[in-house]
Amino acid sequence: MAARDHGAMIRLSVEAGVARIALDRAAARNALPTTGWLELARVVAQVPANARAVLLASDVPGIFCAGADLRDLARLADDVPARASFRTAMRDGIEALASLPMPVIAGVEGGCHGAGVAVALACDLIVAGPAAHFAIPPARLGIGYPAQDVARLSARVGRGQAARLLFTAETINADEALPIGLVDVIGDPAQIAAAIATNDGEALRLLKRMLVDPRDPAHDGAFEDSFGSPRFAAGTDRYRKA
């Protein structure tokens, strides 16, 4: 499936069961203005239901996402009504990504800063290249960070490491991000997405639902029902006929 044109910032393409969402705003190092967050939500909504994995990556060398566009943020100092519009637009984009029913991989190459970290945190796996680096600098700018994203950060790396990253605003590289859990794998995100996409789509969705909410009582029935899947029947046919 050819790439769909969604303007200068974000593109969607699908190949071999992997939906690739590409950030491409080179002039701003993939920083997203308010309209960019809304565009992210629109693009995510167009991910095909039969995609088995989603890869969020950058088409700009050396940068994953520089976060929110500072030119756009600067106007919020004086434009009080625009603050809520920005906050809700950012939330719409990030939560659209987090709500996808299939596995989502953030492929981080180069810098991942500010709200870019929040985007990565909305994914199921964060796979970093060896030159990836991360920073959450709102304290340096004199602003906060959305509570939902603070909660995701703390859930991933623990309260102490979350506090260190938020309070110091320091930059850490992939080798340091890996042992604290901010990065899951240092490697090739496209290879991992391709490996995931070889598996059964319904099973992947079921497993993701279990990871998101392991206490849902509906999982017991869904687990039992999964033994009726066509893929399971095909894979065990020779055992059932033995």
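Predicted model: local features only at pLDDT ≥ 70, side-chain atom pairs only at ≥ 80, totals over all residues.
Good morning. Leu70, Leu141 and Ile143 form a nonpolar patch on the surface, and together they have about 300 Å² of accessible area.

Ile143 sits in the loop that links helix 5 (138-141) to helix 6 (147-157). Its relative accessible area is 47%, so Ile143 counts as partly exposed, because that class runs between 20% and 50%.

Six strands make up an open sheet, ordered 1-2-3-5-7-10, with mixed pairing. Strand 1 (10-15) and strand 10 (185-186) are at the edges; each has a single partner strand, so one side of each has no neighbour in the sheet.

Within this sheet, please look at strand 2 (residues 18-23) and strand 3 (residues 53-58). These two run parallel and are joined by six bridges. Ala22 is found opposite Ala57 of strand 3.

What lies across strand 3? The element in question is helix 9 (residues 189-197), which also lies across strand 2, strand 5 (104-108), strand 7 (125-128) and strand 10. Relative to strand 3, helix 9 runs at about 170 degrees.

Finally, I come to a glycine. Gly160 belongs to helix 7 (residues 159-168). Is Gly160 buried or exposed? With a relative accessible area of 54%, Gly160 is exposed, because the cut-off for that class is over 50%. Between Gly160 and Met90 there are 26 Å in space, C-alpha to C-alpha, and the two are 70 residues apart in sequence.

Thank you for your attention.

Terms used: Residues numbered from 1 in each chain as written. Heavy atoms only, no water. Patch = residues over 30% accessible without salt bridge, like charges linked within 9 Å, V, L, I, M, F, W, Y side chains within 5 Å. Areas by Shrake-Rupley, 256 points an atom, 1.4 Å probe, with all protein chains shown as cover. Salt bridge = Lys/Arg side-chain N within 4 Å of Asp/Glu carboxyl O. Helix = DSSP H or I, 4+ residues; strand = E, 2+ residues; numbered from the N terminus. Buried < 20%, exposed > 50% of the residue type's maximum accessible area, 1.4 Å probe, protein only. Pairing = 2+ DSSP bridges. Contact = heavy atoms within 4.5 Å. Axes fitted to C-alpha atoms, helices over the stretch in contact; angles between N-to-C directions.
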